[in-house]
Amino acid sequence: MEFKKISYMAEIKEETAREHCERMYPEMMAEFAKIQNEMYETFCKKQRNYGPGNISVGTPLQTKEDIKLSLSGLWFRKNDKIQRLKQLVVLGQPDEVGESIEDTYQDLAVYSVISQLVTRNKWAK
């Protein structure tokens with residue numbers, strides 16, 4: 001009779017990165033998901049207000065030139081937000097606009113997701 005060694009490691013399901021983070025940092029991960037949901041809601045409201053044309057700059061986003069124009073516009077929007085954060089956070093300038101730092105972070109993050117949507121050819125589809 002032959003005995004086989006049982007690998008105990010094979011019996012333990014390997015934890016995914018997501019499972020690990022949710023186990024180790026439950027409050028942080030829950031807040032991360034909450035922030036993402038807030039960003040999604042704000043994005044939807046702005047889409048309803050502006051439509052997709054503000055990002056596509058009136059182009060059909062079908063050529064490399066269309067996409068480059070759109071991504072260039074997004075770069076300027078992100079740069080505006082970064083410059084605002086520089087003034088508020090790094091230089092400590094007072095807010096003169098009435099847009100919170102949190103709103104600025106959110107806008108910057110959403111513009112980054114929009115850039116990925118444009119690059120993946122999923123904008124307004």
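Contact means heavy atoms within 4.5 Å. The model is predicted: local features need pLDDT of at least 70, side-chain atom pairs count only at pLDDT 80 or more, and totals for chains, interfaces and linings use all residues. Residues are numbered from 1 along each chain as its sequence is written, and side-chain values use heavy atoms, without hydrogens and water.

**Exercise 1.** Determine which residues V110 contacts, leaving aside neighbours within four places in sequence, and which core includes V110.

*Solution.* Step one: V110 is in contact with M39 and F43. Step two: V110 belongs to the largest nonpolar core, whose nine residues also include M39, I55 and W123. Such a core is a set of buried Ala, Val, Leu, Ile, Met, Phe, Trp, Tyr and Cys residues joined through side-chain atoms within 4.5 Å; buried means under 20% relative accessible area with a 1.4 Å probe, protein chains only. Step three: helix 6 supplies the largest share of this core, four residues.

**Exercise 2.** Describe how helix 3 and helix 6 cross, and list the residues that meet.

*Solution.* Step one: the axes of helix 3 (residues 26-50) and helix 6 (residues 101-119) come within 10 Å and cross at roughly 75°. Step two: the two helices are therefore roughly perpendicular to each other, a class that covers 65 to 115 degrees. Step three: from helix 3, E38, M39, T42, F43 and K46 meet E102, Q106, D107, A109, V110 and I114 of helix 6.

**Exercise 3.** Decide whether R84 is buried or exposed.

*Solution.* Step one: R84 lies in helix 5 (residues 64-90). Step two: its relative accessibility is 15%, so R84 counts as buried.

Terms used: Axes are lines fitted to C-alpha atoms, for helices over the stretch in contact, and angles run from 0 to 180 degrees between N-to-C directions. Angles under 35 degrees count as roughly parallel, over 145 as roughly antiparallel, 65 to 115 as roughly perpendicular and the rest as oblique. Buried means under 20% relative accessible area, exposed over 50%, partly exposed in between (1.4 Å probe, protein chains only).
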